[in-house]
Amino acid sequence: MLKRNKRFLILLVGILFLLSGCNSINTDQFDGDNAYNHIKELSLDKYEGRMTGSEGNKLAAEYIANEFEKYGLKPGGADNTYFQSFDIRVPKINNVPKFQVVDNKGNIVIEYKHRQDFYEATYDFAGGGKVKGKFELKNSTTLESNEDNSIILMNEAIDYKIGEKLVEAGVKAVITPSKYAVANKKSIALGNKKGLKAQPKFIHLRVTQEIFDDLVNYSKEGYKINIDFDLTFEMVKANNVIGYIEGSNENLKEEVLLITAHYDHVGVDPDKTVFNGALDNASGVGTIMEIARLSSQSKVKPQRSIIFIAFDGEESGLQGSYYYTRHQLISTDKYKVINVDMVGSKENVPLEIHTSVESNPDNEEFLKEFEDILEKNNTKYSINKQSESSDHYSFNYRGLDAVTLIQYANDLIHTPLDDINNIDKSRIGEVSDVIISYMNDYAYAASDQYKVNISEKQKQISYVIPIIIAMLIIIVIVFMFIIKKLRKDEKLKEKYLGKSIFTIVIVLIAIISILIFNNYLWDEEIKQISGIAPWRTNVDLLGSCNNIIDVNVKDDITALLGKKDGVYKYIFNSYGKKISNQKITDDINKDFKLLNNDVYYKEDNKIYVLDEETPKLVLDNINSYEVFNVNNKNYITAFNNNEIIIKVDNTEKRIGLKNIKNAAFKIDTSGVIHVVVKQNNQLKHLAINTQGDILLEKELENSLNITDYKLGIDNNYGYLFYNFNEQDYYVSFNIHDKNTVKLKPKELDIHDDYGALLKHHDTISLANEISEGDSLFATINGNVYIGDNYVFLLKFKEGILFRDKVIRRNSKASPMINPMIDQYDNHQYIGWIENNDFMMMSSNVLFGENVGMRTFYNRLYRIVQNFIVAFVTFFYEIFWFVPGIIFFVIWWFIKRDKFLDNVWIVIVPIVLSLLAQIWSFDLPNLIGNKFDYIWISLVIAVIAGIFTLLNKYEKGKGSAIRLYVVFMIINILLVVSIYAPYNYKEGLERMGVVTDIPCEEMILE
């Protein structure tokens, strides 16, 4: 018997050990040899340096795709292949460049060697050609277009703006010093050539500092330079290679962990020198290929989807990742991206985490997760939060969480020395451990889904728990009193006693109370209602409209609309139902604005407000005005040629300023008025309080000659929006900084989901309020080259266009015009005219909905849903009976005839079952205590024990087995009732009710 029990215990321990690994992948399973062999393969000369568009690049793409297919990854490209194809521009060097210094007779003084003394630039305006002539040292500030600037030396970096000056000055070749001691680098970055904003105009060569100094001396001696450099730019076919593992959790599989690396490199030189790119970036590709093998061949299936992508076109400017962000395999904004670029270096360089917090400030939390993993692994690392140099940036720019893991060996990359001899297999493991650790936590265990908080409504209800406990005690006393009375009445005793009627009633009351209480989990999140989502409901509010003059949203929606016969004011409720309408005037040419429900207009340099259809003078002698309501205060801001006018409620202040050409106003959350005023050609930013005091004044350097503009603000930045040469731009500046600001223009480039550039129709419309997330929201409309029309929501944050979202799309037959945005209670509302109908959508999920009926149906639906889920979960958790049953079997073998003599032996199987429950049932974290699943289980067990004792008292008898069964049924019912909605909210998968491969099958295999 002891031997049999020993074998049983060993088997049980083994099963528990195997089950403990059922939701993760062991980092030790990563095979560094496999990764190294992939790196070695991709670094062979037959791949020709993997330059995009080359035969070697295509061969590399096929190699990766074949491996993905061997692993069993699903194809994520077009036509059920692994390839996502797109066209890009790449540079091609067609000859060995010639670079000579010659004297006046044409004799060669010195000839420099390509990749030893000099190398070429390919970005922005850099190109090829032939040029010969005198040269001299110049700088961008003294460059004049009327001079001979054919060949110049410049001791400064050449950015796009300086490049424009060089083109304007007629420069044919420019030579700059490099920071490297040996000029053996090769770069194929295109810069602004990617979007065809720049075209090749001049040769740009980089030389070592020593040679640059020699050239300066040669120029003083009157020597000439002779350059022959055949550099062209060709359109080629590029291929991202995509394979994926679909998530097993129906509710989470649309959320994606993206693991990426670029496989392209810089190719081959005309002299047949191959740039193998082992470190950059065969190493990254080899690493993610081995992780892909490990993940796809594991019996464990991730809850979230994992996509593996080998990007093409990175070296020329992140073109593969840029294309993917606009043509996603799974179209969602719920991406977490780990990019791998240059790992396994033998050089003494730390592991670095690169990201762009400026592009995506929310990335800080994502970054912190990797810091925690590296700290736990005792790995030395550094962080670069301003990196734009790898594929993570394409995702950061779109507002998505992304990092690059990199071991940056600067002296090796983009040189012929970057070959397999520089790869250290052990250092690849540093990176794979980090990726697999995060992958286990986010994709496999989905541990973030266990952090569920009780709603505020539930917290309020929980304050009555002492009252509930008191009521429970009273119910127990009453229960015992009733049973005692029943035992004295023979008729009632025969009819009711021994049937557990009262116990069942009490348990049902407890369960129903719990399920109704759980209904309030969604009380503050009506957005969970099936079928409702932000920007989902497109409400047609009114027909026969020509244009929107203004929109104002508070509890109701007020709109000034232009119709054929005049201007009308309409008021709609939050469902979109018309409440009232009023014709304002026949004259549609006045400057109308809405403030709350009041209509303001400007006529003859005077501002009026309509007071019960009677005009009332508000301000006199003004050129233009704006109106705001902030913190329940009404602001009217205006200007004339010599004054800024601010009226807050009934208090008017005038600030004298001379020669005002234009002014734009916005109010921040503290009530400070921000003004950007143009005086002659000078722009100034003023911050003014409601008393008219100037709190801040600074110059905005207006080299851009901005004339007409709109102003928007978030909590830290101001934004000026303007149009120049039919292109929309914006500039940003810190509204708290007192120093002069040099404005740097950014193109307002908006693309549809397929990457097509939006051609804007109307001027941008800005929300007056700052959102709770410290952001400025705006809307703009337009169409793309195929004719489809769009309305976009734009989000600006920390000085940049943080995110854009398509709100409405339709065919070219139905243009959408005149979009306007307003914001109320941290929800955005966008209205526009479509087929002469006034349309509106909102981030408020209740917009267009009947809230009362929705709430009623929602609560009824949740109560029924909780019953169903609790019922299903109950049967899944029946295995908690197993330890108790095993105990009773063993106890029967030991005691035989005296098996049922001791009723209190029931405590032992109950304890065993509770231990199994706590160990096996990974309950959601309900109230922020990571051990709450233990003590909540114990509290429920105590309550179930009380009910069991009541049942024993009611029945008057009971064996240990019957008491155990009663206890377990009540215990499981209470547990599943409490956790039913939390379990359902993210799907039954989270508690293990639905799994792709049961752990039992894994053990058998």
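Me: A crossing counts as right-handed if the near helix is turned clockwise from the far one by less than a right angle, and as left-handed if it is turned anticlockwise. With that in hand, which hand does the crossing of α8 and α10 have?

Reply: Happy to look, bearing in mind that this is a predicted model. Helix α8 (residues 363–376) packs on helix α10 (residues 425–444) with the axes 10 Å apart and an angle of about 120°. The two helices are therefore oblique to each other. The crossing of α8 and α10 is right-handed.

Me: Which residues of α10 make that contact with α8?

Reply: From α8 come Phe 366, Glu 369, Phe 370, Ile 373 and Leu 374. Counting both helices, the contact of α8 with α10 has six nonpolar residues, one polar and one charged. On the α10 side, the residues are Val 434, Ser 437 and Tyr 438.

Me: Turning to α2 and α3, how do they run relative to each other, roughly parallel or roughly antiparallel?

Reply: Their axes come within 11 Å and cross at roughly 155°. Angles over 145 degrees count as roughly antiparallel. That makes the orientation of α2 to α3 roughly antiparallel.

Me: Which residues of α3 meet α2?

Reply: The crossing of α2 and α3 is right-handed. On the α2 side, His 38, Glu 41 and Leu 42 take part. The residues in the contact of α2 with α3 comprise four nonpolar, one polar and two charged. Those from α3 are Ala 60, Tyr 63, Glu 67 and Tyr 71.

Me: How far apart are the end C-alpha atoms of α3?

Reply: Helix α3 covers residues 55–71, which is 17 residues. At 1.5 Å a residue, α3 should therefore span 24 Å. The model agrees, with the end C-alpha atoms of α3 apart by 25 Å.

Me: What covers the buried residues of α3?

Reply: The buried residues of α3 are Gly 56, Asn 57, Ala 60, Ala 61, Tyr 63, Ile 64, Ala 65, Glu 67, Phe 68 and Tyr 71. Just after α3, Gly 72 takes a positive phi of about 90°. The elements covering the buried residues include α2, β2 (83–93), β12 (231–245), α6 (278–296) and β14 (305–311).

Me: Is Thr 415 buried or exposed?

Reply: Thr 415 sits in the loop between β18 (401–406) and α10. Beyond its neighbours within four places in sequence, Thr 415 is in contact with Asn 184, Lys 185 and Phe 275. Its relative accessibility is 0%, and the cut-off is under 20%, so Thr 415 counts as buried.

Me: And what share of the protein chain is made up of buried residues?

Reply: The protein chain has 20 helices and 48 strands. Of its 1005 residues, the buried share is 53%.

Note on methods. Residues are numbered from 1 along each chain as its sequence is written. This is a predicted model: local features need pLDDT of at least 70, side-chain atom pairs count only at pLDDT 80 or more; totals for chains, interfaces and linings use all residues. Side-chain values use heavy atoms; hydrogens and water are left out. Axes are lines fitted to C-alpha atoms, for helices over the stretch in contact, and angles run from 0 to 180 degrees between N-to-C directions. Helices (H or I, at least four residues) and strands (E, at least two) are DSSP runs, numbered from the N terminus. Angles under 35 degrees count as roughly parallel, over 145 as roughly antiparallel, 65 to 115 as roughly perpendicular and the rest as oblique. Contact means heavy atoms within 4.5 Å. Ala, Val, Leu, Ile, Met, Phe, Trp, Tyr, Cys and Pro count as nonpolar, Asp, Glu, Lys and Arg as charged, and the others, Gly among them, as polar. The expected span of a helix is 1.5 Å times one less than its number of residues. Buried means under 20% relative accessible area, exposed over 50%, partly exposed in between (1.4 Å probe, protein chains only).
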